Structure formats: structure tokens, C-alpha cells
Amino acid sequence: MDDWWSQLFDFSDYGALIVLLRNSILAGAVLGVVGGLIGVFVMSRDLAFAVHGISELSFAGAAAGLLLGAGVVEGSIVGSLVAAVLIGLLGTRARDRNSITAVLMPFGLGLGILCLALYPGRAANRFGLLTGQIVAVDDPRLGALAVIGVMVVAGLLIIWRPLTFASVDAEVAIARGVPVRALSLVFMLLLGLAVAVGVQVVGALLVLAVLVTPAAAALRVSSSPFWVPVLSMVFATVSLVGGILLALGASVPISPYVTTISFLIYLVCRVSSARRAGRERRRGARMGAA
Amino acid sequence: MTTPVLTLRDAELTLGGRTLWTGLDLDVAPGEFLAVLGANGSGKTSLLKAILGQHRLSAGEARLLGEPVRHGDRRIGYIPQQRRADDRVALRGRDLIALGIDGHRLGPGLPTAARRRRVDALLAEVGASHYARVPVAALSGGEQQRLRVGQSLAGDPRLLLCDEPLASLDLRAQRAVSELIDARRRARGLGVLFVTHDINPVLAHVDRVLYLAGGRFRVGTPDEVLRSAVLSELYSSPVDVIRANGRIIIVGAPDESHAHDHAHAHGPQSEA
């Protein structure tokens, strides 16, 4: 038991480690902002499953990039974008989208496993793409992640209003002249980029913990179109940076820390919204009786 | 005579090889309430989409205030059918109306005092101020439709296109929403095209009726059009119009989604 504990939490030499992992913490913060922001639209456009599919193809791209020496970041971006565009073009209706995603996902995973099996390098790198490799963020990679992050956030802010309109009320948006199809494609490209960042940091299997869970939690406690994105970004960033800080001295990957914090935040939001709803119901019943 | 808000001249619409209506002539005056009736598949919704510039007429022309219709014209307000709102969306009553004001513009849309005042004014106009901050998903169908009326008025339209806005509402909400649309068109001098499968909830407000059937049409007051002889001739098959307790019931109108299937030629009783 003690042995497990010291593997999970070890805060000796903490100051020195923080300096060493500065890049990881910054990468986590970038992903927190990107994932929290785009997660709001992942929720309103019902794309959670598509995010999972895109991340598996992103993993395949990253693995291929590793094998062919083209670069992990480059490969994961290519994989993400291909998947996002395919899902965006072929899956306009929710039902089509789910089946396209389900078709692409195992194919991507298989392709990625093949590339990793053929790769002669260290085994630690292999696992990292699936479950996170945050300790390995060097300066060039952090720079690349930051540039992609800025692109995604800027792109989202530019199309924010018409995309919201198209997401909540496509029929009226079309009548108003909003280019719903073009927006949907642009959004899928931004989503592809965001997923590529996520795969670099938390790994392909756990991207949902950053791109979906924080936004889902925020929607439990607010309906304000201002506060939901803000809370979602805060929740995602707290999960990522908090997870990295807890995991600093531990000998296990950071992902379980990130996913656990993210899940706990969701749980707290869910319970608090259920309690609030209960209070309001009771108050309503009292007023009805009076 | 004032310029009509909407003019259709010899208009024809063909979709997927099927001609929905042809030779359609129609003028809608400012402040006029025109109900569009007809069976499923007779091209009621497609008429609205043609006016919105989403379908191109295969012949003839459609003009809004004298100019050819174009896609995304702000002078047209649009109210769709009520659908169950999604609770995965961060949207309150006032946000739905705000989308009508500037939802088509790029950028995140920072809240300004002027925008807030416009939203407040629209909320008050449709009687939705007291649930402005309630999530849309928590509102009743009637409350949501009030907001959609407010949203459609946000662009100061001259013509309001309503596509079955009362469908799936209970009777009380149907009356409230149709009275709201009626009051707004009188106050603002709006032309209203109101697509509906049941004329009864709006019968008191309707000036004229456009009845589409089998590629042909009749336009006139409800008393002129909703008669057994007129509809039987329009459908080329016996149709009975029954008036009872101030309601109009149309019996025997064929359903056009099965237009080529003679077994369905005499469909079940339906309210027009």
C-alpha cells in the first residue's frame, strides 16, 4: 500500500522538478484553454464520439510520423485533419456521423499500432501517443503546440456567433443567410487541430477528458453563453495543470491524474446542479401550496 | 395602392423532377395575414424556401418590395416549427433573441448596452421578459415560440414567414402564439405568410388563404376558398368542407405524399 502511494505521489525535490517540467505545464495550460473552449461546441454540435474518432486517426498519423521520421506533431495534425474533414463531409446527419466515426476509429487505431510495431525506437514513446507523453515536451514542440493553440482560439472567436447560431438553430440560421455548411467544415478543421494538440499532451485515448468533460461540467452549472466557455476553460486548465503538478514526482503517467480531476469536477458540478434543482422544486411546491 | 411586400408572378417550382406548383400569382400587402394550406407534399414549405432564396424558381419571379428575392435578406423574418431544445447548449431566452439581432455576424459579439436594450425591448414586445434568463431547454413549447417570434422581429422585417409555428403546441399555447403574431403584424404592418396544416387556430386572424393542391392553387378569403365545390375542383376528387362550432373540417383531401397511390386517394378525415 505504502509502495503504491509513493509511486502515485512523491513531492521530494519538487522545486527542481517544476523547473524541469515548465514546458509540460505550459503545454497543459495551452490545451486547457483550447480544449475547454472548443468543448462548448463539441457539446452543442453533438460531436463527442467524433472527437474520439478523430483522435484515433490523429494517433495513427503521429505513429506514422514517428516511423517515417516525418515528425510526431506533423503526422498527428495530418491524421486529425483527414479524419475531421471526412467526418465533416460524410456525416452531416448525426446518424451518418456516428457510423462514419465508428468505421474510421478502429482503422486508425490498427494503423497506428502497425506503425508503432514497425518502429525500432524506445518502447516508452509508443505508449505515450495513446496515454500521454507530457514529460517529453521540448521547446520546439511547445512552440508548435502554442501556435496551433492560438490558431484554434482565434478561429473559434472569429466564427463564434454564426457558429453558435448554426449549432442551436440551423434552419433559422440558413434563412438568415449564415453559411452553415462552410462553417461546419471550418469548425471540423479547427476541431482536428485541437485534437492534434490533445493527442500530444494527454494521448489519443484520453482526449475526451479535456475536449468534452469540462464543457459538460460547465453546462451543468450554467446556461450563460459567456460563463459556460469560461468555466469550461478553467475546468480543463485546472485538470491539466493540476494533474501535471500532482504527477510530478510520481512514476506513473500524468493521464490518470488529469482524467481523475476532470471527472471529479464533472461529478461536483452534476451533484450541485441536482441539489439546486431539488431546492427549486421544493420552493416551487411550497409556493404552489401557499 | 401600396406596394405589395411580396409579389409572385407566374411562379413555378420544380424539385427533383417534380413540379410542386406552377403559374402561381400572389400579392401580399403590408399587414396582410395569409394562411398557406395544402396536404403534405403540396409544396408549402418549399414556397417559403423559394421566398427565402434557398430554392430557385424554375419559372416566373418572386419579388420582395419590388426587388428580386435574395438569400439571407434581413427584411424577411422566419419562424420555424417548435422543436425540443437541446440541454447541451448554453442558451437562455435572451440569447435566442440576441442571435436574431446579430447572430449572422462574425466575432464573439461582446455584450454592449445598446444590444442589451434591443434584446430587452424585443423580450417585452413578445411578453417573454420574465423568462429571459431561463435556459431555453427548460421552457415550454409556447414560451420557446414566443422567443422565436421575438427573434424573427429582431431584423425589423417587412415580411414574416411562419412554417407550422403552432405544431406540437397545446391549444392554449397555439392561441397565445397566433394572437401574438397577429398583434405584431398589425402593430408593425407586417405581411405574414403562415404555413399550417390546421387553419382553425388562426381562422380569426386570416385575411386570405392560399390553398395548394396537385400543382394547382386557389387564393381568396377563407369563405371563398374553403368550400366543398372549390376544393373538389382543385383536387379533382370529391372533398367535403364541414363547418361546425366556428371550426372548419376538410374531409377526403388526398395526401400528396402518396399522390400516385390511388389506394390513398381518399385519406382519412383531416382538419385543414
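User: At what angle do helix 5 and helix 6 of chain A pack, and how far apart are their axes?

Analyst: In this predicted model, helix 5 (residues 72–90) and helix 6 (residues 94–118) of chain A pack at an angle of about 155 degrees, and their axes lie 9 Å apart. Since angles over 145 degrees count as roughly antiparallel, helix 5 of chain A is roughly antiparallel to helix 6 of chain A. The crossing of these two helices is right-handed.

User: Which residues make the contact?

Analyst: Helix 5 of chain A contributes residues including Gly79(A), Ala83(A) and Leu86(A), while helix 6 of chain A contributes residues including Arg97(A), Ile100(A) and Leu104(A). The residues of this contact divide into 6 nonpolar, 3 polar and 2 charged.

User: How do strands of a sheet pair?

Analyst: Strands pair through backbone hydrogen bonds, either parallel or antiparallel. Chain B has an open sheet of 6 strands in the order 6-7-8-3-9-10, with mixed pairing. Strand 6 (76–79) and strand 10 (216–220) of chain B stand at the edges, and each has a single partner strand, so one side of each is left without a neighbour in the sheet. Within chain B, strand 3 (residues 33–38) and strand 8 (residues 191–195) pair in the parallel sense over 4 bridges, and Ala35(B) stands opposite Phe194(B) in strand 8.

User: How many residues does each chain give to the contact between chain A and chain B?

Analyst: Chain B gives 22 residues and chain A gives 28 residues. On the side of chain B that touches chain A, the largest share, 3 residues, comes from helix 2 (residues 93–102) of chain B.

Methods:
Residues are numbered from 1 along each chain as its sequence is written. Chains are lettered from A and ligands numbered from 1 in the order in which they are written. This is a predicted model: local features need pLDDT of at least 70, side-chain atom pairs count only at pLDDT 80 or more; totals for chains, interfaces and linings use all residues. Axes are lines fitted to C-alpha atoms, for helices over the stretch in contact, and angles run from 0 to 180 degrees between N-to-C directions. Angles under 35 degrees count as roughly parallel, over 145 as roughly antiparallel, 65 to 115 as roughly perpendicular and the rest as oblique. A crossing is left-handed if the near helix is turned anticlockwise from the far one by less than a right angle, and right-handed if clockwise. Two residues are in contact if their C-beta atoms, placed from the backbone, lie within 7 Å. Ala, Val, Leu, Ile, Met, Phe, Trp, Tyr, Cys and Pro count as nonpolar, Asp, Glu, Lys and Arg as charged, and the others, Gly among them, as polar. Two strands pair if DSSP finds at least two bridges between them.
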